[in-house]
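Open the model in your viewer and keep the sequence panel beside it. Each stop below says what to select and what is there.

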Amino acid sequence: MAQPRSGLSLAASLILASSPAALLAPTTGWAQIEEVIVTARKRAEEARSDTDRFAVGLIEAANTMIVGLDETGRVRIFNPAAERISGYRLEELRERSWFDTLVPRERYPEVWEEFERLLRTGMPDSFENPIVTKSGEERYIVWSNNQIREGDRVTGTISFGLDETEARKARREA
């Protein structure tokens, strides 16, 4: 078990133990403790920033649709592949309902019924459904889905969609 340094709490000693320089210092005052804490926070922010840049890079470079929706179905994330396949740009869809825009109820009532059922019973890992592009073309998408949670509360979804339209056409024609 870690023993506190003279005159310091166990928590402060543990913070200092994360810094080799602090371990070598003969005496440690509050200024040095604060410096260690600030340095640790800065390193955590830099690591988070690197992680964020990496995640954004993956989303931007992916060759599949990546769509993030909040708990009401409004578009939050829409990568370049999703833009290319749907014909919509993120700026056009931000804050709009994904379902109202790309899966209109009057055209796909069975998809809406299934979605409403899934809201009650839980989202499946995978799902298939058509979407209507900006030009009015129908594309058939196979989705892999994940829930975004804050604690016990579902706050949205992130879905990865593979456009299977051409493969379906080829199978029907074969």
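Select R89 and E91. Their side chains meet in a salt bridge, with 3.6 Å from N to O; the term stands for a side-chain nitrogen of Lys or Arg within 4 Å of a carboxyl oxygen of Asp or Glu. R89 is partly exposed at 45% relative accessibility, while E91 is exposed at 54%. Here buried means under 20% relative accessible area, exposed means over 50%, and partly exposed lies in between, using a 1.4 Å probe and protein chains only.

A note on what you are looking at: this is a predicted model, in which local features need pLDDT of at least 70, side-chain atom pairs count only at pLDDT 80 or more, and totals for chains, interfaces and linings use all residues. Residues are numbered from 1 along each chain as its sequence is written, and side-chain values use heavy atoms, with hydrogens and water left out.

**Other salt bridges**

By the rule above, the count is 13 salt bridges. Select R153 and E71 for another one, at 3.4 Å from N to O. R153 is in strand β5 and E71 is in the loop between β1 and β2, so this pair ties together parts that are 82 residues apart in sequence. R153 is partly exposed at 45%, and E71 is partly exposed at 46%.

Next, select R139 and E137. The closest N and O atoms of this salt bridge are 2.7 Å apart. Is R139 buried or exposed? R139 is buried, with a relative accessible area of 11%, whereas E137 is partly exposed at 36%.

**The whole chain**

Now colour by secondary structure. The chain has eight helices and five strands; helices (H or I, at least four residues) and strands (E, at least two) are DSSP runs, numbered from the N terminus. In sequence order the pattern reads α-α-α-β-β-α-α-α-α-β-β-β-α. Of the 174 residues, 32% are buried.

**The sheet**

In what order do the five strands of the open sheet lie? The order is β2-β1-β5-β4-β3, and the pairing is antiparallel; two strands pair if DSSP finds at least two bridges between them. At the edges are β2 (75-78) and β3 (126-132), each pairing on one side only. From one strand to the next, the twist averages 30°. Angles run from 0 to 180 degrees between N-to-C directions, and axes are lines fitted to C-alpha atoms, for helices over the stretch in contact.

Select residues 65-70 and 153-163, which are β1 and β5: six bridges join these antiparallel strands. Within this pair, M65 stands opposite G161. Then bring back helix α8 (residues 165-173), which packs on the sheet and touches β3, β4 (138-150) and β5. The direction of α8 makes about 140° with that of β4. Contact means heavy atoms within 4.5 Å.

**D70 in strand β1**

Select D70, which is in strand β1. D70 is buried, with a relative accessible area of 9%. Which side chain makes a polar contact with that of D70? The partner is R76, at 2.9 Å. A polar contact is a pair of N or O atoms within 3.5 Å; within protein, one must be able to donate a hydrogen and the other to accept it, and residues adjacent in sequence count only if both atoms are side-chain atoms. Apart from neighbours within four places in sequence, D70 touches R76, T155 and G156.

Move to E83 in helix α4 (residues 80-86). E83 counts as buried, at 17% relative accessibility. A polar atom of the E83 side chain lies 2.9 Å from the backbone nitrogen of L90. Leaving out neighbours within four places in sequence, the contacts of E83 are F78, Y88, R89 and L90.

Finish on F78. Not counting residues up to four places away in sequence, F78 touches several residues, among them I66, V67, L93 and W98. In the largest nonpolar core, which has 21 residues, M65, V67, F78, W98 and V103 touch the most other members. Such a core is a set of buried Ala, Val, Leu, Ile, Met, Phe, Trp, Tyr and Cys residues joined through side-chain atoms within 4.5 Å.
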